[in-house]
Amino acid sequence: MKIRDILEREKFSLSFEFFPPKRDGNLENLYTAIRELILQRPVFVSVTYGAGGGTREKTVEIASKVKNEFDQEVLAHLTCVQSSRDDIARVIEELSAHNIENILALRGDPPKDEEAFRRAPGGFGYASELVEFIHTRGDFSIGVAGYPEGHIEAPSLEVDLDNLKKKVDAGAHFIITQICFDNKHIYRFRDGAHARGIRVPIITGIFPIFNYRQIQRMAALCGAKIPPSLHDKLDKVSEKDEEVQKYGIEFAIRQSEDLLASDIAGLHFYSMNKSDHVLEILREIQLPREG
């Protein structure tokens, strides 16, 4: 089923993100985490996509298993990185062959050995172009990324919101926000999107903190600012993983509760292929779902 159709009838969307592990031996641990989290009745789970072909095959393999064996709707990520139109068309055809109807269209980050994104020969330079292309390859439900603090390459949030409007005008059906730890940025982003006539659902991404160094790297990579109060607390317990995880879970609960009180369209948990911390958060919050 297409996510766009589910979002039209559902008041609220719960979802989780997973990524293909680099080692084949970790696949069973991944599938265990997915099985545990889909018991929470998510609208969908998403599977990320490796740049430069690193995990592309695994993305299709995992997404297919979730869709066809676990009977769970799935959102497969797709990027423009180091890919021509023909390369992308082949991936789309493969996804369709596995009954996958939902794609998250991303420009993608440059490979680690390159400082800036470069359009591949015969490829795309913007997510809006990828959205348009996907529409020519079949009837897919398409999501795109939103950046509450502005994309790290954008000169301002206003310019980035204009770019978001281009992605929606190209045919995107919903938006999932990047990591953000300060809800005021999320509300400002939502207001700015609405002011530009963006009416598709905006699903808010939540990143539960359970490793101090990891969250510093992730925040730097995507341009998310860690609020001073949160940073100071984490810095004091940075060498104590259990304390970091405990406070990270408490923070995610408070952040989620505030978002739910503001009628967000959904929560999308970046699971990092773990289920326990996400389950702990979900036990403490009341989701606005029927049944």
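Biologist: How do α4 and α5 lie to each other?

Modeller: Quick caveat: this is a predicted model, with local features needing pLDDT of at least 70, side-chain atom pairs counting only at pLDDT 80 or more, and totals for chains, interfaces and linings using all residues. Numbering runs from 1 along each chain as its sequence is written, and side-chain values use heavy atoms, with hydrogens and water left out. The axes of helix α4 (residues 85–97) and helix α5 (residues 127–136) come within 11 Å and cross at roughly 55° (helices: DSSP H or I runs of at least four residues; axes: fitted to C-alpha atoms, angles from 0 to 180 degrees). Under 35 degrees is roughly parallel, 65 to 115 roughly perpendicular, over 145 roughly antiparallel and the rest oblique, so α4 and α5 are oblique.

Biologist: Which residues of α5 make the contact with α4?

Modeller: On the α4 side you've got R85, I88, A89 and I92, where contact means heavy atoms within 4.5 Å. The contact of α4 with α5 has 6 nonpolar residues, no polar ones and 1 charged (Asp, Glu, Lys and Arg are charged; Ala, Val, Leu, Ile, Met, Phe, Trp, Tyr, Cys and Pro nonpolar; others, with Gly, polar). From α5, the partners are L130, F133 and I134.

Biologist: How far apart are the axes of α6 and α7?

Modeller: Helix α6 covers residues 157–169 and helix α7 covers residues 183–195. They pack at about 55°, so α6 and α7 are oblique to each other. The axis separation for α6 and α7 is 10 Å.

Biologist: How many charged residues sit in the contact of α6 with α7?

Modeller: L157, L161 and L164 of α6 make the contact with R188, F189, G192 and A193 of α7. Sorted by class, that contact of α6 with α7 has 5 nonpolar residues and 1 polar, and the charged count is 1.

Biologist: And what about α9 and α10, how do those two lie to each other?

Modeller: Helix α9 (residues 228–236) and helix α10 (residues 241–261) have axes 9 Å apart. Their packing angle is about 160°. That is why α9 and α10 count as roughly antiparallel.

Biologist: Which residues of α10 does α9 meet?

Modeller: α9 brings L230, K233 and L234 to the contact. The contact of α9 with α10 splits into 5 nonpolar, no polar and 1 charged. Across from them in α10 are V244, Y247 and F251.

Biologist: Which residues line the largest cavity?

Modeller: A cavity here is a set of points on a 1 Å grid over the protein atoms alone where a 1.4 Å probe fits but cannot get out, with lining atoms within 4 Å of a point. By class, the lining of the largest cavity has 5 nonpolar, 3 polar and 1 charged residues. The lining is Y147, P148, E149, G150, Q178, I179, C222, G223 and A224.

Methods:
1 Å grid on protein atoms, 1.4 Å probe; cavity = no way out; pocket = protein on both sides within 12 Å on 5 of 7 lines; lining within 4 Å.
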